[in-house]
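Morning, everyone. I have one structure to walk through today. Please bring it up on your screens.

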Amino acid sequence: MAAVRPLVTVQPLEGHMATNALAGVPRPDVLKAPMRPDVVRFVHASLSRNSRQPCAVSKHAGHQTSAESCGVPAAPSPVSPASPAAEHTAPARVPSATCAAAAVCSPPTKTWRRWHRHVNVNIRRYATASALAASAVPSLVLARGHRIESVPEFLLVVSDTAEGVEKTASAIKILKQVGAVPDAEKARDSQGIRPGMRKMRNRGYIFRMGPLIVYGNIPMSSALNLVELASGDHIDRLVILTYHPYTLKLYGENPKLNSMFGTFDKSSEKKKGYVLLRSKMHNADLSMIINSDEVQLVVQPIKKDVKRHTLKRNPLKNLYTLLKLNPYLDKKRTQLPKEEAAAIKAAGPARYKTMISDSECLVFSISFTFIESTSDDHRMQVEPTESQCPVHVRRITLTTA
Amino acid sequence: MATEEAKAVVPESVLKKRKREEQWAVAKKQAVDAKKKKDRTNRKLIFTRAQQYAKEYESQEKELIRLKREARMKGGFYVSPEAKLLFIIRIRGINAMHPKTRKILQLLRLRQIFNGVFLKVNKATMNMLQRVEPYVTYGYPNLKSVRELIYKRGYGKLNKQRIPLTDNAIIEQGLGKHGIICMEDLVHEIMTVGTHFKEANNFLWPFKLKAPLGGLKKKRRHYVEGGDAGNREDYINELIRRMN
C-alpha cells in the first residue's frame with residue numbers, strides 16, 4: 001500500500017529497560033503486501049479443514065434389524081419377467097414398511113472422505129502476508145469488530161518484556177498499558193452457547209476472538225498461523241507483535257518479520273526462495289492517477305453531446321430535407337434565372353402567342369362582356385394574357401361594359 | 001464567510017480542472033467555427049455541381065432526341081448505345097435454392113426478397129445474371145428511378161452500419177476521398193457509371209423495396225413469357241415506381 005507509515009513506534013511497558021532505544025522501527029515490508037481477502041478466505045477455508053478428524057456413520061447402521069422387505073411391488077413392465085434384463089433392472093428401491101432405518105437407503109458416510117486440503121506453499125505464504133498486512137490497517141481491524149479505540153498505534157508493537165510474563169494478572173496489565181483491554185473484555189463477555197447440534201460434540205460455547213499476541217522469537221509456523229491470524233476467515237485480526245531485541249540488526253528494523261518474509265527486494269532468509277508478492281497496482285489511488293498531469297495532458301475533452309437517432313424523412317415529399325440534400329433545387333423550383341425572367345417580361349404577349357403555336361395546345365382566356373341592351377347575344381372574346389407557362393384555362397373574367 | 005474562505009484556498013486540482021476546461025472550450029469553439037466555414041463553402045460547391053449535373057442530364061436527353069429525329073429524318077434508326085447501368089431486384093424468396101445460385105445472389109448483395117442493387121454491365125456481371133435469372137428481374141433504370149431510389153431509400157454503409165442518407169455529410173464521410181460529397185454527386189456517379197462506380201455502389205446499402213403495388217405477373221416465368229423474371233430492359237422503371 002502506498003500510504004503506509006514507514007516507522008512504527010514500540011509501546012514501552014512497565015519494567016522496560018530504558019537503555020534500549022526503541023523510538024521508531026521501520027516497518028517490515030510484509031505489512032505492505034497486497035491485501036487479498038479472496039486469497040485469505042480460500043486458504044483459510046482449506047487450512048481449517050486440516051485439523052478435522054474423520055467421522056462417519058457406523059457401517060452397520062440401519063442393518064442391525066431383523067426386518068425384511070416384502071419384495072418388489074408388482075408393476076407392468078415392457079420387459080417380460082423371464083428375460084435376463086428384467087432380473088437385472090433394479091426397480092426403484094422402495095423401502096418396505098418395516099424397514100426401520102430409511103436413511104440407509106442413501107449411501108452411508110465413509111471415513112475415507114477427503115477431510116484435509118493441501119494448499120500450495122506460495123498461496124499459504126501470500127495469505128499470511130495479506131493477513132498480516134491487514135492487521136496493520138486500523139480501519140480494517142475496526143471493521144472486523146475489534147474494540148481498538150484505546151489502542152495508540154497500528155501496527156501494535158510492544159517491547160519484548162511482554163514475553164517474560166508468567167501470570168495472567170501481569171498479562172492483563174500489559175494489555176491495559178497497550179489499550180487492548182476493551183477488546184479482550186469484549187471477547188470474555190461474549191461467551192455464549194453455540195446454537196445447533198455441535199453442543200453434543202463438546203463444542204458448547206463460543207466466544208469472540210480477542211487480540212492475538214505474537215512473540216518475536218517464535219518461529220513462524222506456530223506464531224503466525226493463518227488460522228489464528230485470519231480467524232473466521234476475515235483478515236485483520238488485532239495482532240500484537242512483540243519486538244525482539246536479540247535479533248536487532250544494524251538498521252534497527254524488525255528483523256524477524258523481514259527475515260521471515262523478505263522484503264520486496266530481498267528474498268526471505270527463512271523461507272527458501274520466497275519473495276514477497278507485489279500488488280497488481282502499485283498506486284491504487286485511481287482519482288489521483290486520473291487527475292494527474294501526465295494523464296490529463298493526453299486526455300480528450302468530455303463528449304457531452306449525445307448523438308441520437310434522427311428520423312429519416314422522405315426527401316421526395318419533404319421539401320426541407322430535399323433542400324438540405326440538394327440546395328440547387330430550391331432556385332430551380334421557385335424561380336427562373338434572372339435573365340430568363342426579365343426576357344419573358346420583356347417579350348410580353350408576343351411570346352405567349354409563339355408559345356401557343358409552338359406547343360399546339362389550346363390556351364385561352366374567356367372574358368364575357370355583358371352588353372346592356374335588349375339583345376341577348378353575349379360576346380365572347382379571346383384575349384391574350386401574360387403568362388409564364390402554358391396552362392389550359394387561364395382566366396375567366398366577367399366584365400361589365 | 002465560507003465563500004471567502006473558499007476563494008482564498010482553492011485546491012490546485014480545481015484550478016487545474018478549470019484551466020483544462022477553458023482550453024477545451026476554446027478548442028471546441030475553434031473547431032465549430034472552422035466547420036461552419038467549411039460547410040458554407042461546401043454548400044456553394046454542392047450547388048454548382050448540382051446545377052452542372054442538371055445541365056448535363058438535360059443536354060443528354062436533348063441529344064438523344066436530336067439523334068433520333070435525325071435518324072428518322074434520314075429514314076434510318078438511331079440505336080442508342082447499350083446500357084451501362086442495371087438495376088436488379090430479387091423477386092424470389094430464400095427457400096429451396098441451389099447453393100451456387102444462392103452464392104451468386106449473395107455476391108450481388110441480394111439476400112432478401114425485393115432487395116435491389118445497381119450493377120455495372122460487363123461480361124462478368126452479365127454471366128452472373130444469367131445464372132440467377134429465375135430469381136431476379138433487372139433492367140435499365142432512368143434518371144428518375146436512380147434519383148428516387150437514392151433519395152427515398154438510400155442508406156450508406158459507414159463503419160459497417162446502415163446509416164440513412166439524411167445529410168450530405170454522411171456521403172462525404174463515406175465517399176469524400178473519391179470526390180463524391182453530396183447526393184447529386186452520388187446520383188451522377190451511379191447514373192453515368194463513373195470511375196468510382198464500384199465504391200459508390202458499394203457504399204449504398206442494398207435497397208429494401210416494398211412489394212410492388214399492383215403485384216407481379218408471374219414470378220416463375222420470364223418476363224418475355226408473360227412473367228416477371230429476367231431482363232425487362234426499360235420496363236424496370238415502371239416496376240421501380242411501384243416498389244419504391
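Start with helix α9 of chain B, residues 236–243. This is a predicted model, by the way.

Which order do its five strands take? The order is β6-β2-β1-β3-β7 in chain B. The sheet is open, and its pairing is mixed. At the edges sit β6(B), 207–208, and β7(B), 230–233, each pairing on one side only.

Take β3(B), residues 136–139, and β7(B). They run parallel, joined by three bridges. One residue pair to find here: Thr137(B) has Gly230(B), in β7(B), as its bridge partner.

Next, Ser145(B). Look for it in helix α5 of chain B, which spans residues 143–153. Is Ser145(B) buried or exposed? Buried, because its relative accessibility is 0%, and the cut-off for buried is under 20%. What does Ser145(B) touch, leaving aside residues up to four places away in sequence? Asn237(B), Ile240(B) and Arg241(B). With Asn237(B), there is a side-chain to side-chain polar contact of 2.6 Å.

Last, the chain as a whole. Chain B has nine helices and seven strands. Of its 244 residues, 38% count as buried. Chain B exposes about 15,000 Å², with 54% of that from carbon and sulfur atoms. Take contacts in chain B between residues at least 6 apart in sequence: 70% of these join residues at least 24 apart.

Conventions: Residues are numbered from 1 along each chain as its sequence is written. Chains are lettered from A and ligands numbered from 1 in the order in which they are written. This is a predicted model: local features need pLDDT of at least 70, side-chain atom pairs count only at pLDDT 80 or more; totals for chains, interfaces and linings use all residues. Side-chain values use heavy atoms; hydrogens and water are left out. Helices (H or I, at least four residues) and strands (E, at least two) are DSSP runs, numbered from the N terminus. Buried means under 20% relative accessible area, exposed over 50%, partly exposed in between (1.4 Å probe, protein chains only). Contact means heavy atoms within 4.5 Å. Accessible areas come from the Shrake-Rupley method with a 1.4 Å probe; for residues, only the protein chains shown count as cover. A polar contact is a pair of N or O atoms within 3.5 Å; within protein, one must be able to donate a hydrogen and the other to accept it, and residues adjacent in sequence count only if both atoms are side-chain atoms. Two strands pair if DSSP finds at least two bridges between them. Axes are lines fitted to C-alpha atoms, for helices over the stretch in contact, and angles run from 0 to 180 degrees between N-to-C directions.
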